[in-house]
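Biologist: I would like a close look at one helix pair and what surrounds it. Please keep it brisk.

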Amino acid sequence: MNLVVVDRTRIEADWKCPRKRYWLTEYGGHGIVPARAAPALNLGIVVHEGLEVLTDQDGGIQAACEYIEQLEAWPLLTTEQQQLCRSLLWGFGKVVWPDWLQHFDKVAVEQELEMEHQGVVYMMRPDLLLREKTTGDLWYPDFKTYAAAWGNRKWMHALQQ
């Protein structure tokens with residue numbers, strides 16, 4: 001049986017255009033990607049990587065800010081976008097993360113996971129996995145930045161979940 005690889009990028013690309021999915025993920029056995037990322041994607045990459053550093057270091061806000069300023073995508077951002085990235089990290093690190101640490105234990109940050117079912121390998125890399133201290137339930141907060149508005153109806157298509 002041929003192995004079928006499934007992940008969020010492949011599915012979402014296929015929904016937009018099957019040809020896009022082919023060029024992005026299959027051409028030549030690995031796909032090809034654009035030479036430059038879109039501006040909104042650069043912003044998301046910087047914030048996401050900063051949050052990864054912050055949560056891995058249990059509140060290392062300053063370390064996260066210094067880290068993002070060294071990323072390849074940093075100089076591609078406008079001054080306003082750079083300030084937004086710093087502000088989002090400081091806000092999360094001062095308000096959200098300490099509250100979460102009171103109620104949850106950190107299980108994993110950006111850990112590659114796979115699940116095989118009937119010859120299909122489902123690949124995922126959750127931003128963060130938390131375990132609620134009182135119930136033991138697993139929680140998966142999903143870090144997102146968007147160029148377009150987010151609505152509750154989009155949760156039906158949030159494949160990382």
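Which residues in H4 meet which residues in H5?

Modeller: First, the ground rules. This is a predicted model, where local features need pLDDT of at least 70, side-chain atom pairs count only at pLDDT 80 or more, and totals for chains, interfaces and linings use all residues. Residues are numbered from 1 along each chain as its sequence is written, and side-chain values use heavy atoms, with hydrogens and water left out.

Now the pair. From H4, the residues are Ile-61, Gln-62, Ala-64, Cys-65 and Ile-68. They meet Cys-85, Arg-86, Leu-89, Trp-90, Gly-93 and Lys-94 in H5. Contact here means heavy atoms within 4.5 Å. Helices (H or I, at least four residues) and strands (E, at least two) are DSSP runs, numbered from the N terminus.

Next, the geometry. H4 and H5 pack at an angle of about 160°, and their axes are 10 Å apart. That makes H4 roughly antiparallel to H5. Axes are lines fitted to C-alpha atoms, for helices over the stretch in contact, and angles run from 0 to 180 degrees between N-to-C directions. Angles over 145 degrees count as roughly antiparallel. The crossing of H4 past H5 is right-handed, a term for the near helix being turned clockwise from the far one by less than a right angle.

Ile-68 and Cys-85 are among the residues with the most contacts inside the largest nonpolar core, which has 24 residues. Val-46, Phe-92, Trp-97, Trp-100 and Leu-128 are also on that list. Such a core is a set of buried Ala, Val, Leu, Ile, Met, Phe, Trp, Tyr and Cys residues joined through side-chain atoms within 4.5 Å. Buried means under 20% relative accessible area (1.4 Å probe, protein chains only). Helices H3 (39–56), H4 (61–68) and H5 (79–103) each give two or more residues to the core, as do strands S2 (104–109) and S5 (128–132). H3 supplies the largest share, six residues. In soluble globular proteins, nonpolar side chains tend to be buried together.

Val-46 touches both Ile-68 and Cys-85. Leu-71, Ala-73, Trp-74 and Leu-77 are also touched by Val-46, with residues up to four places away in sequence not counted.

Gln-82 is buried, at 14% relative accessible area. Beyond its neighbours within four places in sequence, Gln-82 contacts Trp-74, Pro-75 and Leu-77.

H5 also reaches the sheet. H5 lies across S2 and S5, at about 45° to S5. The sheet is open, has three strands in the order S2-S5-S6, and its pairing is antiparallel. S2 and strand S6 (138–139) stand at the edges with a single partner strand each, so one side of each has no neighbour in the sheet. H3 packs on this sheet too, touching S2 and S5, and its direction makes about 125° with that of S2. Strands pair if DSSP finds at least two bridges between them. S5 and S6 are joined by two bridges, and Arg-131 stands opposite Leu-138 in S6.

Last, the setting. The protein has five helices and six strands. From the N terminus, the elements run β-α-α-α-α-α-β-β-β-β-β. Of its 161 residues, 30% count as buried.

How values were computed: Buried < 20%, exposed > 50% of the residue type's maximum accessible area, 1.4 Å probe, protein only. Parallel < 35°, antiparallel > 145°, perpendicular 65-115°, else oblique.
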